[in-house]
Amino acid sequence: MLLLQVLCALCQLMLSTLVQLRLGLTGLILLSAIFVGIRARHTGLAVGAAVVFTLLMTQA
């Protein structure tokens with residue numbers, strides 16, 4: 001269980017660093033909104049942020 005949480009945290013850190021390098025603060029805020037939406041079980045926030053994040057990644 002602890003190993004799974006550490007692995008998730010490491011993946012989130014690596015992904016956020018990659019996003020910050022490519023998209024800056026906007027991408028980091030969108031990525032945070034996705035994770036918050038998933039944890040809060042608020043699918044509208046998570047899906048909306050994921051769509052905007054995907055559109056920004058295709059433009060970058």
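1. In this predicted model, helix H1 and helix H2 touch through a set of side-by-side residues listed here: Gln12, Leu15, Ser16, Val19, Gln20 and Leu23 of H1 meet Leu25, Thr26, Gly27, Leu28, Leu31, Phe35 and Arg39 of H2. By type, the residues of this contact are seven nonpolar, five polar and one charged. The two helix axes come within 6 Å and cross at roughly 145 degrees.

2. Eight residues form the largest nonpolar core: Val19, Leu23, Leu30, Leu31, Ala33, Ile34, Ala49 and Phe53. Helices H1 (2-23), H2 (25-39) and H3 (43-59) each give two or more residues to this core. H2 gives the most, with four residues.

3. Cys8 is partly exposed, with a relative accessible area of 40%, and Cys11 is partly exposed, at 44%.

4. On confidence, the chain averages a pLDDT of 82, and 98% of the residues score at least 70. Confidence is lowest in H1, with a mean of 79, and highest in H3, at 86. Where pLDDT is low, the predicted coordinates should not be read in detail.

Methods
Residues numbered from 1 in each chain as written. Predicted model: local features only at pLDDT ≥ 70, side-chain atom pairs only at ≥ 80, totals over all residues. Heavy atoms only, no water. Core = buried A, V, L, I, M, F, W, Y, C linked by side-chain atoms within 4.5 Å. Buried < 20%, exposed > 50% of the residue type's maximum accessible area, 1.4 Å probe, protein only. Axes fitted to C-alpha atoms, helices over the stretch in contact; angles between N-to-C directions. Contact = heavy atoms within 4.5 Å. Nonpolar A, V, L, I, M, F, W, Y, C, P; charged D, E, K, R; others polar. pLDDT = per-residue confidence, 0-100.
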